[in-house]
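Welcome, and take a moment to look over the model before reading on.

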Amino acid sequence: ATVGAARCFLVGDAIHAFPPDLGQGVNAALEDVKTLGDVLDDQNAVAAYQAARAPAAKAIAHLVQRGFPYQYDQSVWRQRLFT
């Protein structure tokens, strides 16, 4: 999906699907808004915003995909990894 394709930018929890106890929603929102403010004067604001935020969004998505199953699993692996 292209961010800002419909003249609307989603930021923070609206665009980043974080588990609520990960504590990253507000952090992402602040980074999103700061980045958006930096690129608004740019002719290609959408592309600049997407290029600036894509690496962080990809990294967080990878982290959540890897950690989420173990974080909420009640198995012995969860106990070893998250206690």
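How many salt bridges does the structure hold? The structure holds three, where a salt bridge means a side-chain nitrogen of Lys or Arg within 4 Å of a carboxyl oxygen of Asp or Glu. Side chains of opposite charge can pair when their charged atoms come close. Before we visit each pair, please keep in mind that this is a predicted model, in which local features need pLDDT of at least 70 and side-chain atom pairs count only at pLDDT 80 or more, while totals for chains, interfaces and linings use all residues. Residues are numbered from 1 along each chain as its sequence is written, and side-chain values use heavy atoms, with hydrogens and water left out.

Helices here are DSSP runs of H or I with at least four residues, strands are runs of E with at least two, and both are numbered from the N terminus. Arg53 counts as buried, at 9% relative accessibility, whereas Glu31 counts as partly exposed, at 40%. For these words, buried means under 20% relative accessible area, exposed means over 50%, and partly exposed is in between (1.4 Å probe, protein chains only).

Arg53 has another partner in Asp32, and the closest N and O atoms of that salt bridge are 2.6 Å apart. Asp32 lies in helix H1 and Arg53 in helix H2, so this pair ties together parts that are 21 residues apart in sequence. Both Asp32 and Arg53 are buried.

The remaining salt bridge joins Asp38 and Lys34, whose closest N and O atoms are 2.8 Å apart. Asp38 and Lys34 are four residues apart in helix H1, which means that about one helical turn separates them. Are they buried or exposed? Both Asp38 and Lys34 are exposed.

Now look at helix H1 as a whole. Its 15 residues reach 21 Å from the first C-alpha to the last, close to the 21 Å expected at 1.5 Å a residue; the expected span is 1.5 Å times one less than the number of residues. Which residues of H1 are buried? They are Gly25, Ala28, Asp32, Thr35, Leu36 and Val39. These residues cover an arc of only 100° around the axis, which puts them on the same side of H1, the arc being that of the directions from the helix axis to the C-beta atoms. The face turned away from this buried side carries the exposed residues Val26, Leu30, Lys34 and Asp38.

Ala48 is found in H2, and its C-alpha atom is separated by 9.3 Å from that of Asp38, 10 residues away along the chain. Leaving aside neighbours within four places in sequence, Ala48 is in contact (heavy atoms within 4.5 Å) with Val39 and Asp42. From Ala57 to Asp32 the C-alpha distance is 10.0 Å, and the two are 25 residues apart in sequence.

Finally, step back to the whole protein chain. It has three helices and zero strands, following the pattern α-α-α along the sequence. Of its 83 residues, 22% count as buried. Among contacts between residues at least 6 apart in sequence, 45% join residues at least 24 apart. Among the elements, H1 has the highest mean pLDDT (86), and helix H3 (residues 76-82) has the lowest (68).

Methods
pLDDT is the predictor's confidence in each residue, from 0 to 100.
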